[in-house]
Amino acid sequence: QVQLVESGGGLVQAGGSLRLSCAASGRVFSMNSMAWYRQAPGNQREWVAGVSSGDSRNYADSVKGRFTISRDNAKTTSYLQMNSLKPEDTGVYYCRSISSDGYVYWGQGTQVTVSS
């Protein structure tokens, strides 16, 4: 069983930066695929970035060049570094984990608000 807890959200001005953290429980973190999603008011939840167990990283076109996803297996934590933030980045950011046997786990989310 995996439990995820996000932190690091907050209010920031356009052009600023935030670093989100996702702390995970469990002994098999290194085998899990990790990802970040976000959901703006009135919108569907959208995929933002992902990192595989082999450290392969991918990003949505809207955040390429601005966001960086990473993982620290020793700390069982994944991170999303967000730079050059825009108002359209505003939303609730969720951490997601998929175990090696295919089970999906979600965190409760952390609010990110970018003012113009």
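The charged end of Arg-45 sits over the ring of Tyr-94, 3.7 Å from the ring centre. Arg-19 does likewise with Tyr-79, its charged end being 3.9 Å from the centre of that ring. Here a charge sits over a ring if NZ of Lys or CZ of Arg is within 6 Å of the ring centre and within 35 degrees of the ring normal.

A word on ground rules before the rest. This is a predicted model, in which local features need pLDDT of at least 70 and side-chain atom pairs count only at pLDDT 80 or more, while totals for chains, interfaces and linings use all residues. Residues are numbered from 1 along each chain as its sequence is written, and side-chain values use heavy atoms, with hydrogens and water left out.

**The aromatic pair**

- One aromatic pair turns up in the structure; rings of Phe, Tyr and Trp (its six-membered ring) pair if their centres lie within 6.5 Å, and planes under 30 degrees apart count as stacked, over 60 as edge-to-face and the rest as tilted.
- The partners are Tyr-37 and Trp-106, whose ring centres are 4.9 Å apart with planes at 65°, so the pair is edge-to-face.
- Tyr-37 belongs to strand β4 (residues 33-39) and Trp-106 to strand β10 (residues 104-106), so distant parts of the chain, 69 residues apart, are linked by the pair; strands (E, at least two residues) and helices (H or I, at least four) are DSSP runs, numbered from the N terminus.
- Tyr-37 is buried at a relative accessible area of 16%, whereas Trp-106 is partly exposed at 37%.
- For these labels, buried means under 20% relative accessible area, exposed over 50%, and partly exposed in between (1.4 Å probe, protein chains only).

**Salt bridges**

- Side chains of opposite charge can pair when their charged atoms come close.
- The whole structure has five salt bridges, each a side-chain nitrogen of Lys or Arg within 4 Å of a carboxyl oxygen of Asp or Glu.
- Arg-38 and Glu-46 form one of them, at 2.8 Å from N to O; Arg-38 is buried at 5% relative accessibility, while Glu-46 is partly exposed at 36%.
- Another joins the side chains of Arg-66 and Asp-89, again with an N to O distance of 2.8 Å.
- Asp-89 sits in the loop between β8 (77-82) and β9 (91-98), and Arg-66 in the loop between β6 and β7 (67-72), so this pair ties together parts that are 23 residues apart in sequence.
- Both Arg-66 and Asp-89 are buried.
- A network of salt bridges links Arg-38, Glu-46, Arg-66 and Asp-89.

**Around Arg-57**

- Arg-57 is found in strand β6 (residues 57-59) and is partly exposed, at 38% relative accessibility.
- A salt bridge connects Arg-57 to Asp-55, with the closest N and O atoms 3.6 Å apart; Asp-55 is partly exposed at 39%.
- A polar atom of the Arg-57 side chain lies 3.1 Å from the backbone oxygen of Ile-69.
- The C-alpha atoms of Arg-57 and Ile-69 are 7.1 Å apart, with the two residues twelve places from each other along the chain.
- Setting aside neighbours within four places in sequence, Arg-57 is in contact (heavy atoms within 4.5 Å) with Gly-50, Val-51, Thr-68, Ile-69 and Ser-70.

**The disulfide**

- A disulfide is a covalent bond between the sulfur atoms of two cysteines.
- The structure has one disulfide, counted where a pair of cysteine sulfur atoms lies within 2.5 Å.
- The disulfide joins Cys-22 to Cys-95, with an S to S distance of 2.0 Å, and the link is left-handed, with -80° about the S-S bond.
- Cys-22 is in strand β3 (residues 18-24) and Cys-95 in strand β9, so the pair ties together parts that are 73 residues apart in sequence.
- Cys-22 is buried at 0% relative accessibility, and Cys-95 is buried at 0% too.

**Around Val-12**

- Val-12 lies in strand β2 (residues 10-13) and is buried, with a relative accessible area of 12%.
- Val-12 and Val-112 are 100 residues apart in sequence, yet 7.9 Å apart in space from C-alpha to C-alpha.
- Not counting residues up to four places away in sequence, Val-12 touches Ser-17, Leu-18, Leu-85, Thr-113, Val-114 and Ser-115.

Definitions and conventions: Polar contact = N/O pair within 3.5 Å; in protein donor to acceptor, adjacent residues only side chain to side chain.
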